[in-house]
Amino acid sequence: MDISDFYNNREIFITGGTGFLGKSLIEKLLRDCPGIKTIYMLIRTKRGKTALERLEDFKNDIVFERVRRERPNVFEKVVPIFGDCQHLGLAISQEDLERLKNVSIIFHEAAVVRYTNFYPNAYSFTKNLGEQVIADHSHLLPMTILRPAIVASAYLEPEPGYLENLNGPMGILAVKSMGISQMTYANPDLILSLIPVDIVTCLTISSGCRSGLETLSKPKNVPYNLHIQTFAPGKLFNSTIKQSVHKMVELARENPMENTVWAPATRLTTSMYCYLIWVFLFHIPMGIFYDTLLKLSKKQPMLLKATRRIIYTIRTIGKFSKIYYEIKNDGMFEVFDFMMQHDEKRRFYIMAPTEVDHDFAFRGALRGLKKFIFKEPVEATAATRQRVKILIILDKIVSFVLFFIVIKFAWNWTMSLVGVM
């Protein structure tokens with residue numbers, strides 16, 4: 001059976017649909033599973049917007065440009081279910097529960113992304129809690145746990161570079177490319193474990209089909225087995241943080257972002273003290289200076305806020321930016337092999353995990369930052385290119401002056417010691 005045919009006439013329930021992974025999943029289902037009957041999407045009130053207002057924002061999101069163009073009326077299949085994962089029973093009304101009675105597949109993609117003082121971060125903490133619940137009840141229903149590595153911008157679909165937020169390493173690469181962060185706290189020799197969101201999405205949909213077919217063929221009265229599948233590049237992606245930062249900075253200097261505030265930098269440190277010195281002596285003064293200029297220009301200040309966000313991100317991913325974790329990815333290749341056998345219409349094959357072109361992926365990431373995050377032209381204007389060239393020259397001058405001051409101070413200090421002796 002073809003993967004897309006498996007989803008024909010099915011009703012699906014999705015949590016976390018407004019997030020990065022959720023949007024990618026819904027976009028792919030709507031575009032390449034045309035026979036799907038209904039997608040029920042859990043949605044809640046957030047930041048002063050009602051659930052209905054958020055649903056309208058969701059439908060008009062730029063990520064759905066392609067599916068709106070190819071299937072104009074497809075959003076009639078998306079039905080909101082008002083609720084909240086933080087409450088018992090997801091706070092779903094009895095009426096909505098009745099509407100969900102024919103759902104045969106659930107994709108639970110919701111998680112908390114706020115910072116905590118316990119566990120590495122809130123995201124991994126809530127995912128761990130979810131896995132415990134699944135494990136406790138896995139004998140009652142067919143369940144599969146999917147564990148993607150750090151999810152990066154899209155490789156190809158719905159278009160290269162699609163990105164929803166700046167959580168995790170993508171935020172670090174963004175602020176390095178804009179010159180906002182001149183120093184970053186991370187192990188430069190650490191190999192990044194990144195996997196494009198569209199590959200994760202296709203593997204997720206394929207895994208859902210695989211699990212469903214196994215369930216249909218399972219003998220009655222036999223307990224269900226819990227499947228755990230890890231989607232990670234492993235040794236397929238061998239770029240270190242230092243190499244990745246250098247690549248992004250190189251591309252950002254070649255095609256700079258409109259909001260670049262200083263020369264894109266590649267500095268990394270494993271010393272928290274060194275990092276904090278840079279924050280207090282460079283990042284904060286630069287933020288005050290630029291925000292003052294923005295206020296005088298009657299624009300919204302943003303650099304100090306960005307600096308706080310960077311520190312928050314560093315604290316959130318701190319444990320994962322210092323130590324390399326070897327992640328087994330056998331499950332990914334098992335699902336990939338299943339995909340190759342059942343993807344008759346070739347709708348879910350993005351590429352083999354071994355075929356990823358890292359240079360293309362980084363160029364796509366920069367494109368995604370420009371289009372989806374900062375809402376600016378994909379190609380930098382001539383004025384922006386010229387301004388960044390000037391910033392690069394100024395950066396070299398400032399670096400030379402600071403180096404000269406340090407050397408002079410060290411020389412004077414040494415001479416004073418010699419004089420005392």
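Glu376 counts as buried at 9% relative accessibility, where buried means under 20% relative accessible area, exposed over 50% and partly exposed in between, computed with a 1.4 Å probe on protein chains only. The model is predicted, so local features need pLDDT of at least 70 and side-chain atom pairs count only at pLDDT 80 or more, while totals for chains, interfaces and linings use all residues. Residues are numbered from 1 along each chain as its sequence is written, and side-chain values use heavy atoms, with hydrogens and water left out.

**Surroundings of Glu376**

- Glu376 lies in the loop between helix H13 (358–373) and helix H14 (382–420); helices (H or I, at least four residues) and strands (E, at least two) are DSSP runs numbered from the N terminus.
- The side chain of Glu376 reaches the backbone nitrogen of Glu258 at 2.8 Å. A polar contact is a pair of N or O atoms within 3.5 Å; within protein, one must be able to donate a hydrogen and the other to accept it, and residues adjacent in sequence count only if both atoms are side-chain atoms.
- Leaving aside neighbours within four places in sequence, Glu376 is in contact with Pro256, Met257, Glu258, Asn259, Lys370 and Lys371, contact meaning heavy atoms within 4.5 Å.

**The four-stranded sheet**

- Four strands form an open sheet in the order E3-E2-E1-E4, with parallel pairing; two strands pair if DSSP finds at least two bridges between them.
- Strand E3 (78–82) and strand E4 (103–108) stand at the edges with a single partner strand each, so one side of each is left without a neighbour in the sheet.
- From one strand to the next, the twist averages 25 degrees; axes are lines fitted to C-alpha atoms, for helices over the stretch in contact, and angles run from 0 to 180 degrees between N-to-C directions.
- Strand E1 (residues 11–15) pairs with strand E2 (residues 38–43) in the parallel sense over four bridges.
- Opposite Ile39 in E2 stands Ile12, and opposite Tyr40 in E2 stands Phe13.
- E2 is mostly covered, six of its six residues being buried.
- In a regular strand the side chains alternate between the two faces of the sheet.
- From E2, Thr38, Tyr40 and Leu42 point one way, whereas Ile39, Met41 and Ile43 point the other way, and all are buried.

**The second largest pocket**

- About 330 Å³ of space lies in the second largest pocket. Grid points are joined across faces, edges and corners, and a volume is the space filled by probe spheres set on the points.
- On a 1 Å grid over the protein atoms alone, a cavity is a set of points where a 1.4 Å probe fits but cannot get out, and a pocket is an open set with protein on both sides within 12 Å along at least five of seven lines; lining residues have an atom within 4 Å of a point.
- The lining of the second largest pocket comprises 21 residues, of which Leu194, Ile195, Pro196, Phe237 and Val356 lie nearest its centre.
- Helix H7 (169–178), strand E8 (194–196) and H13 each supply at least two residues of this lining, and H13 gives the most, with four residues.

**Backbone features**

- Most residues other than glycine have a negative phi, and most peptide bonds are trans.
- Asn9, in the loop between helix H1 (3–6) and E1, has a positive phi of about 65 degrees although it is not a glycine. Asn9 is exposed, with a relative accessible area of 64%.
- Leu90, in the loop between E3 and helix H5 (94–99), has a positive phi of about 60 degrees although it is not a glycine. Leu90 is partly exposed, with a relative accessible area of 25%.
- Glu157 and Pro158 are joined by a cis peptide bond, with omega about 0 degrees. Pro158 is found in the loop between strand E6 (150–152) and H7.

**Two further loop residues**

- Val74, in the loop between helix H4 (65–70) and E3, counts as buried at 7% relative accessibility. Not counting residues up to four places away in sequence, Val74 touches Leu30 and Val67.
- Pro301, in the loop between helix H10 (272–296) and helix H11 (303–317), counts as partly exposed at 29% relative accessibility. Pro301 touches Asp291, Leu294 and Lys295, not counting residues up to four places away in sequence.
- Pro301 and Gly287 are 14 residues apart in sequence and 8.9 Å apart in space, C-alpha to C-alpha.
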